[in-house]
Amino acid sequence: MSLYKDKFKIDSTRLKNWDYSSEAVYFITMVAKNRECVFGTIEDDKMILNDNGKIIETELLKSIAIRKNWFFHNWVIMPNHIHLLIEIQNKNEIQNTTHIVEAHSSASPSSISTTECDTSLSTNVTETHSCAPLRDNRDEKQSESNFGRKPKSISSFVAIFKSVTTKQINGTKSIWQDNYHDHIVRNYKRFEIIYDYIKNNPKSWETDSLK
């Protein structure tokens, strides 16, 4: 299965008036600059982290620990990108949720629809927002700062994460592409498909469109 075909490689803006700190499940992808494989290699269908990849892993685990109303359902570090399946939850619901963090974190989603609808990962304009080019595009670059960042929002998290990891790995020169891809997960079927895609991503590296 390929998540990223030409329809994903477009320039678009985030959903107007959508609060990216609000309750929802978000599928996030951050890509290394020029798609360089700076985080490690795939061997025998498993991701082998290098020193840079271990820094990424450490910072992700820190993010999981400090964001009490964010649930990282699943995530994976690949040689040149990372995928995260994040749910922002109502603080009142957190007490009844068990967080399990392994190589991937996992749990049943609590705030997504169980409606059986479109099970493919193709999306339309109303479902895909901030679909940043998954390649460098300096002529049509959309900086995150153009949109403004609300505290405790997805864009704020991405900006902080990129800054912290860049400083540790490469000083001041960013290791990341300028923007990121985000997709709001609308229903349980789509959640399951994305969850499995992340889980099996190392096994499909040879056919990964971000390779």
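Predicted model: local features only at pLDDT ≥ 70, side-chain atom pairs only at ≥ 80, totals over all residues.
## Strands that pair

Two strands count as paired if DSSP finds at least two bridges between them. β1 and strand β9 (residues 181-185) pair in the antiparallel sense over 5 bridges. One of the residues involved is F27, whose bridge partner in β9 is H183.

## Two faces of β1

Which residues of β1 point one way, and which the other? A24, Y26, I28 and M30 point one way, while V25, F27, T29 and V31 point the other way.

Because 8 of the 8 residues of β1 are buried, the strand is largely enclosed by the rest of the structure.

## Helix α2 and its cover

Now find helix α2, which covers residues 154-170 and has 17 residues. From its first C-alpha to its last, α2 reaches 23 Å, close to the 24 Å expected at 1.5 Å a residue. Just after the helix, G171 takes a positive phi of about 75°.

Several α2 residues are buried, including I154, F157, V158, F161 and T165. What covers the buried residues of α2? The cover includes β1 (24-31), α1 (51-66), β4 (70-77) and β5 (81-88).

In soluble globular proteins, nonpolar side chains tend to be buried together. In this model, the largest nonpolar core has 27 residues, and M30, L84, I154 and F157 touch the most other members. Each of β1, α1, β4, β5 and α2 supplies at least two residues of this core. Apart from it lies another core, of 11 residues, with F27, I194, Y195 and I198 among them.

Leaving out residues up to four places away in sequence, I154 touches Y20, Y26, I28, W70, I88 and Y180.

## Aromatic rings

The model has 9 aromatic pairs. One of them is formed by F72 and F157, an edge-to-face pair with 6.1 Å centre to centre and 75° between the planes. This pair links distant parts of the chain, as F72 lies in strand β4 and F157 in helix α2, 85 residues apart. Are F72 and F157 buried or exposed? Both are buried.

For a stacked pair, turn to Y188 and F191: their rings are 6.0 Å centre to centre, with 20° between the planes. Because Y188 and F191 are 3 residues apart in helix α3 (residues 188-200), they are separated by about one helical turn. An α-helix has 3.6 residues a turn, so residues three or four places apart point the same way. Y188 has 29% relative accessibility, so it counts as partly exposed, whereas F191 is buried, with a relative accessible area of 3%.

Ring pairs also build a cluster, linking F39, W70, F72, F157, F161 and W176. W70 has a further neighbour to look for: the charged end of R67 sits over the ring of W70, 5.5 Å from its centre.

Terms used. Residues numbered from 1 in each chain as written. Heavy atoms only, no water. Helix = DSSP H or I, 4+ residues; strand = E, 2+ residues; numbered from the N terminus. Expected span 1.5 Å × (residues − 1). Buried < 20%, exposed > 50% of the residue type's maximum accessible area, 1.4 Å probe, protein only. Contact = heavy atoms within 4.5 Å. Phe/Tyr/Trp six-rings, centres within 6.5 Å; stacked < 30°, edge-to-face > 60°. Lys NZ or Arg CZ within 6 Å of the ring centre and 35° of its normal. Core = buried A, V, L, I, M, F, W, Y, C linked by side-chain atoms within 4.5 Å.
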